[in-house]
Amino acid sequence: MKKIEAIIKPFKLDEVREALSALNITGITVTEVKGFGRQIGHTELYRGAEYVVDFLPKVKIELVVSEGLLDQAIETIINAARTGKIGDGKIFVTAVERVVRIRTGETNEAAI
């Protein structure tokens, strides 16, 4: 099993969720986050005053998938989240040793 963490632009969330649902991936966690990469930030004008926005709003999606669905899930996220502009985000993949569904006690593949 693998855990996928994807940092994407907030307005792409619905597209990514719908695309993952089409793969029958239903369990995802979404968190509003702020950060920067190469995009670094930008300046904005508010009531005549200029200020720097260092941390840009993003959305972090977390999901755990079986090894067989991993590549397909990554490609789906890329295709749904890509705008072709700087700041599209990143995907991180890590190994998951164990999963336990609290309600039933099911473990690993049965618990995802």
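## Lysine 12 and its surroundings

In this predicted model, lysine 12 is in contact with Ala80, Ala81, Arg82 and Thr83, leaving aside its neighbours within four places in sequence. Lysine 12 sits in the loop between β1 and α1. Its relative accessible area is 9%; the cut-off for a buried residue is under 20%, so lysine 12 counts as buried.

Two of the residues that lysine 12 touches, Ala80 and Ala81, also belong to the α2 side of the contact between α1 and α2.

## The helix pair

Helix α1 covers residues 13-22 and helix α2 covers residues 67-81. The two pack at an angle of about 150 degrees, and their axes are 8 Å apart. The crossing of α1 past α2 is right-handed.

On the α1 side, the contact is made by Glu15, Val16, Ala19 and Leu20. These residues meet Ala73, Thr76, Ile77, Ala80 and Ala81 of α2. Sorted by class, the contact has seven nonpolar residues, one polar and one charged.

## The sheet

Four strands make up an open sheet, in the order β2-β5-β1-β6, with antiparallel pairing. The edges are taken by β2 (29-35) and β6 (89-95). Each of these has a single partner strand, so one side of each is left without a neighbour in the sheet. From one strand to the next, the twist averages 20 degrees.

Helix α2 lies across β1, β5 and β6. Its direction runs at about 5 degrees to β1.

## The nonpolar core

In soluble globular proteins, nonpolar side chains tend to be buried together. Here the largest nonpolar core has 18 residues. Ile4, Val16 and Leu63 have the most contacts inside this core. Two or more residues are given to the core by each of β1, α1, β5 and α2. The largest share, six residues, comes from α2.

Val16, one of the residues with the most contacts in the core, is also part of the α1 face that meets α2. Leucine 63 touches Lys2, Lys3, Ile4, Leu20, Ile25, Gly27, Ile28 and Ile77, not counting residues up to four places away in sequence. Among these partners, Leu20 and Ile77 also take part in the contact between the helices, and Ile4 is another of the residues with the most contacts in the core.

## Two asparagines with positive phi

Asparagine 24 is not a glycine, yet its phi is positive, about 65 degrees. The residue is found in the loop between α1 and β2. Asparagine 24 has a relative accessible area of 67%; exposed means over 50%, so asparagine 24 is classed as exposed.

Asparagine 108 also has a positive phi, near 50 degrees, in a residue other than glycine. Asparagine 108 lies in the segment after β6. With a relative accessible area of 29%, asparagine 108 is partly exposed.

Conventions:
Residues numbered from 1 in each chain as written. Predicted model: local features only at pLDDT ≥ 70, side-chain atom pairs only at ≥ 80, totals over all residues. Heavy atoms only, no water. Axes fitted to C-alpha atoms, helices over the stretch in contact; angles between N-to-C directions. Left-handed = near helix turned anticlockwise from the far one by under 90°. Contact = heavy atoms within 4.5 Å. Nonpolar A, V, L, I, M, F, W, Y, C, P; charged D, E, K, R; others polar. Pairing = 2+ DSSP bridges. Buried < 20%, exposed > 50% of the residue type's maximum accessible area, 1.4 Å probe, protein only. Core = buried A, V, L, I, M, F, W, Y, C linked by side-chain atoms within 4.5 Å.
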